[in-house]
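Welcome! Take a look at the structure below, and then let us walk through it together.

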Amino acid sequence: MSRTTPPRPLDVEAAFPALAAHRRTATRLYPRPGTAKPEESSVAGPLLWPADEPRPTCTAVPPKGRGHLPSDVRLSRRRTEPPVTREGPPLAWPIEYR
């Protein structure tokens, strides 16, 4: 049985002409419930690898001193972005902390 996506209710290319250059053909997957046999791989299941082929491994060493710790990113954001309240507009900025 062939499955197709219904036509879109809006012509996206007409509404956003700049997106037309990015159009590509896509394959939609429609997984169905079922049970995979031991010789089959399943979506989100174990990846089966041929016994006579070695598994690929990455031996590259990442460069040191690159990237940022999450705690440093959060601290930087707190220092540079205005605080946001749950009710109402953002607070006036800058605020002096004591």
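## A salt bridge and its partners

Let us start with Glu13, which is partly exposed, with a relative accessible area of 30%. Here, buried means under 20% relative accessible area, exposed means over 50%, and partly exposed lies in between (1.4 Å probe, protein chains only). Glu13 forms a salt bridge with Arg23, and their closest N and O atoms are 2.7 Å apart. The term stands for a side-chain nitrogen of Lys or Arg within 4 Å of a carboxyl oxygen of Asp or Glu.

Arg23 lies in the loop between helix 1 (12-15) and helix 2, while Glu13 is in helix 1, so the pair ties together parts that are 10 residues apart in sequence. Arg23 counts as exposed, at 55% relative accessibility. A search of the whole structure finds one salt bridge.

## About the model

This is a predicted model, where local features need pLDDT of at least 70, side-chain atom pairs count only at pLDDT 80 or more, and totals for chains, interfaces and linings use all residues. Residues are numbered from 1 along each chain as its sequence is written, and side-chain values use heavy atoms, leaving out hydrogens and water.

## The whole chain

The protein chain has two helices and zero strands. Helices (H or I, at least four residues) and strands (E, at least two) are DSSP runs, numbered from the N terminus. Of the 98 residues in the protein chain, buried ones make up 0%.

## A look at helix 2

Arg78 sits in helix 2 (residues 70-80). Arg78 is exposed, with a relative accessible area of 58%.
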